[in-house]
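The exercises below each set a task and then work through a solution step by step. Please look over the sequence and the structure before starting.

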2 protein chains.
Amino acid sequence: MRAFLFLLSFLLVAQILPAQDDSLMIRKIADEILQNSKAYENLRVLTKQIGGRLAGSPGMVKAEAWGAKTMKESGAANTWLQECMVPHWVRGGKDEASAEYDNGKKIKKTLDIVALGNSIGTGPKGLKAQVVEVKSFADLEEKKDQVKGKIVFYNYKFNPNFVKTFNAYSDAVKYRGQGPSQAARYGAVGVIVRSMSHSTDNNPHTGSTRYDSAYPKLPAVAIGLKDADELSTLLKTKPVSVSLKTNGHFLPDTIGHNVIGELKGSTYPDEIITIGGHLDSWDNCEGAHDDGTGCVQTMEILRSLVALGYQPKRTIRFVLFANEENGLRGGTKYAAEAKAKNEKHVFALESDAGGFTPRGFGFTVSDAQFQKILSWKPLLEPYGASDLTRDGGGADIGPLNRTFGTPVAELNPDSQRYFDIHHSRNDVFENVNKRELELGAVNMAALIYLVDKYGL
Amino acid sequence: MRAFLFLLSFLLVAQILPAQDDSLMIRKIADEILQNSKAYENLRVLTKQIGGRLAGSPGMVKAEAWGAKTMKESGAANTWLQECMVPHWVRGGKDEASAEYDNGKKIKKTLDIVALGNSIGTGPKGLKAQVVEVKSFADLEEKKDQVKGKIVFYNYKFNPNFVKTFNAYSDAVKYRGQGPSQAARYGAVGVIVRSMSHSTDNNPHTGSTRYDSAYPKLPAVAIGLKDADELSTLLKTKPVSVSLKTNGHFLPDTIGHNVIGELKGSTYPDEIITIGGHLDSWDNCEGAHDDGTGCVQTMEILRSLVALGYQPKRTIRFVLFANEENGLRGGTKYAAEAKAKNEKHVFALESDAGGFTPRGFGFTVSDAQFQKILSWKPLLEPYGASDLTRDGGGADIGPLNRTFGTPVAELNPDSQRYFDIHHSRNDVFENVNKRELELGAVNMAALIYLVDKYGL
């Protein structure tokens, strides 16, 4: 009996003590970040001194140099640039649009637009055509005989009933991605897409479109919500013509880089954990939430672990990925080189959903791995990321998952404000909250600490 | 066995069907609010057309008229004003301050200050004295022989290690509340308090102070964080004098009103459920998050229930309370009249922690009541308010709880941004997000629906 009690107490202590240790260690990480974080100041420099940094742009080059320097300053034992070819789309000039209609006398109204990423331009003379509004692809099918020679206006509303706004985005983004080619199929000459946003302003939101090679490429723009509503109201009673002038085009692919920092593992140096965000951004904004915050959180985790003298068991890589927005070449290259070098990637975590208050993590992992992760929930709860779900991973680490089956995860911050600013001129430093940004880093660091210590 | 299975299936259905009904009803409420809410537009009118509305001010009078009108428009069956006497503190003029020190030559620097609510003014000639910085009340004790004739500067930092910022506020607010009298005790002539905020700007934050009648009343102001840090740095090397001019004083108590709307219960009309926020705000801001959002959420719940044709079983009262900020006379009067009329108050819910994304509710209820509430958690989770805790209730409904033992609750929104703007000139409409505001109303409406249907 005494031996049994001894064994029992030993087992209990073995169960409880590590949890207490972990709780204390995570509290230390949190205090370090909440007191001494460099994330906000790093973000200020990235957004205000560099700004937009689309693949191939001068901003990209500056951002890579800044990233390598900041990675070293954050305490990386090794820092290097991993070269990859990136697409080089340029806006090529100012996007311009106006709507014309007859209201007794001719009225001409400027529209606030932004060309979709990867779209072709109208040419210097621009394009003018009548507008046909469609509410959906099904609606386009019904109106397919009316769109020849016209500009198709996809006025699909970002659905407010989805509580998590990323679900509204998944629901609506097909009109930006496939809309131009679907309209081209029926002879349209241009496309206007209602911005994917709940915002109360009129800023247009860009993002990649993807042409289907079976159809002609059409100039395509996004329009702000107020303009979209006004255009729709006008179209109920009268024909409206829209003039578009856009100048987008591709230059030859150029050289970009993933920026990588590393802390070598002490016990399992061959097992690699990756944390990252993407360094590129659209050109019409500062790329603050998308994804400056993911980059500075990544380096803040590095800084805090080094500041605390933490010696990881596994090798941890901190990666600022190139070209997420319009090509994913950085993430693709990272996985390809890992495969070529036969690296062992045991976990990857991305932050690319904004620097807002963390609510949880989404995981693409096995059942057993998820059970293990769920056992850590009490350790994460005090810091906010308690909603642990089985979905997601993040674009840049997707190739790792597809190549190796690496378990992947993403930080899920509160999503209400994200699509107010996403890919619009409002995605600026001023819209990032210092503490929300830092709490994201705290929760990510806690998860990385647990994966490093216990494996998955 | 068959009878047993029948009974089992009956029990299962009895368990599941209401939950399904509730889930559907809450989804309907959410859709109604997320699609058709008037909360954001109502808030715009309150903040932009009325603005600050401290008890006794012209803004208070306008806000009460607006509240009664909006309550009717939102569908209240009965609307009335409940009279109460309110204190009438006025700022009385512009708060001014400057710091002077000798840096080889004399330097004079303007400080951004705001007089604390309920504080006395310096008189038209102002007050000038050397500053003694203290970090805490313990530090004041150590320096008690140095503060006679001086201005005491409470430079207690809002603690970043508290993940929930209301805990940092509870920790720090004593310096605003008790600081002036504690300094007066040792002969100080004025007080400067570091603002209770994590903000990255320099805006000063006001709020009530409470004089202890045992000591002289001192003029007292709050200072922005950048000025506080700079003043502290200066004081490390040289004496600094500060000139203060404030003009605060009390006018005689005047008449204010709680604005009350009601939906009569169909089954238990005598059982009253109260939902509310407070209509008053500080005078140095628009009172958007504090507590315009609580007011418009309250009326949005009313509007949505009426729009859906919901017939409550119990009587639901929608209350815009008077004078929360510097007297609590509205909440006190509401409970006193309830007692005088021998009303039966079965539940009360307040929203007074900002219009940010809802994270949960805090309850002051019995064990049995809390277990019942916990059983509703799966119904609230899809809308975000899943963190159900046993603390809190809200200032205005506190008197109900103390008078009748009424179970009370408060909405707990995400707290990270609240103290950036709380009681400062930044508490304006532009800092409220439409969807976050609406989701607060959704979760409150869901909880009210459940309490109305099942009781507590």
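**Exercise 1: Two copies**

The model is a predicted one, in which local features need pLDDT of at least 70 and side-chain atom pairs count only at pLDDT 80 or more, while totals for chains, interfaces and linings use all residues. Residues are numbered from 1 along each chain as its sequence is written, and chains are lettered from A and ligands numbered from 1 in the order in which they are written.

**Exercise 2: The contact between the chains**

Task: describe the contact from the side of chain A.

Solution: Begin with the count, which is 20 residues from chain A and 20 residues from chain B, where two residues are in contact if their C-beta atoms, placed from the backbone, lie within 7 Å. Next, find the elements: helix 1 (2-36) and helix 15 (434-454) of chain A each supply at least two residues of the side that touches chain B, and the largest share, four residues, comes from helix 15 of chain A. Helices here are DSSP runs (H or I, at least four residues), as are strands (E, at least two), numbered from the N terminus. Finally, this side of chain A divides into six nonpolar, eight polar and six charged residues; Ala, Val, Leu, Ile, Met, Phe, Trp, Tyr, Cys and Pro count as nonpolar, Asp, Glu, Lys and Arg as charged, and the others, Gly among them, as polar.

**Exercise 3: A helix of chain B**

Task: describe helix 10 of chain B and its packing.

Solution: Helix 10 (residues 329-340) of chain B has 12 residues and reaches 16 Å from its first C-alpha to its last, close to the 16 Å expected at 1.5 Å a residue, the expected span being 1.5 Å times one less than the number of residues. Its buried residues include R329(B), Y334(B) and A338(B), a residue being buried if 20 or more other C-beta atoms, placed from the backbone, lie within 10 Å of its own. The buried residues of helix 10 pack against several elements of chain B, among them strand 1 (78-90) and helix 13 (398-404). After helix 10 of chain B comes N342(B), whose phi is positive, near 55 degrees.

Definitions and conventions
Buried ≥ 20, exposed ≤ 12 C-beta atoms within 10 Å, placed from the backbone.
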